[in-house]
Amino acid sequence: MKHEAIYNLYPTVKHIIEDNDGNFVAKDENDNEVSIDMSAVETKAVELQQEAEEKEAKRKEDKLSAYRKMSMTDDEIKAIDPTLLA
């Protein structure tokens, strides 16, 4: 998510290099280093993770609702997708 956060916060960044220690170097299209605020990146990464989790939860809710509208039992739903009723 940190890479996504960097690209989201710094639109001029074209590629990111991460070393073994978890340090990031962001580069623009001319291979110049772009200064990034890792605190802002961390905050944005958490935000993006929460959005992704909410989107996945909504997708599961919609899928479960569709199965229930077809009058499927919980056992039938579990047979198709066990993650929906976990």
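Which residues of α2 are buried? In this predicted model, where local features need pLDDT of at least 70 and side-chain atom pairs count only at pLDDT 80 or more, totals for chains, interfaces and linings use all residues. Numbering runs from 1 along each chain as its sequence is written, and side-chain values use heavy atoms, with hydrogens and water left out.

Helix α2 buries Val41, Lys44, Ala45, Leu48, Leu64 and Tyr67; buried here means under 20% relative accessible area, with exposed over 50% and partly exposed in between (1.4 Å probe, protein chains only). Helices (H or I, at least four residues) and strands (E, at least two) are DSSP runs, numbered from the N terminus. With 32 residues, α2 reaches 46 Å from its first C-alpha to its last, close to the 46 Å expected at 1.5 Å a residue (the expected span being 1.5 Å times one less than the number of residues). The buried residues of α2 pack against α1 and α3 (74-80). Lys44 counts as buried because its relative accessibility is 16%. Neighbours within four places in sequence aside, Lys44 is in contact (heavy atoms within 4.5 Å) with Ala5, Asn8 and Leu9. At the start of α2, a side-chain oxygen of Asp37 comes to within 3.0 Å of the backbone nitrogen of Ser39. After α2 comes Ser71, with a positive phi near 60°.

Next, the sheet. Three strands make an open sheet in the order β1-β2-β3, with antiparallel pairing; two strands pair if DSSP finds at least two bridges between them. The edges are β1 (15-18) and β3 (33-34), each pairing on one side only. Between β1 and β2 (residues 24-27), the antiparallel pairing runs over four bridges, and Glu18 sits opposite Phe24 in β2. Helix α1 (residues 2-9) lies across β1 and β2, at about 140° to β1; axes are lines fitted to C-alpha atoms, for helices over the stretch in contact, and angles run from 0 to 180 degrees between N-to-C directions.

As for the nonpolar cores, each is a set of buried Ala, Val, Leu, Ile, Met, Phe, Trp, Tyr and Cys residues joined through side-chain atoms within 4.5 Å. The largest has 12 residues, including Ala5, Phe24, Val34 and Leu48. Two or more of its residues come from each of α1, β2 and α2 (38-69), and α2 gives the largest share, three residues. Apart from this core lies another, of five residues, among them Leu64, Tyr67, Met72 and Ile77.

Terms used. Polar contact = N/O pair within 3.5 Å; in protein donor to acceptor, adjacent residues only side chain to side chain.
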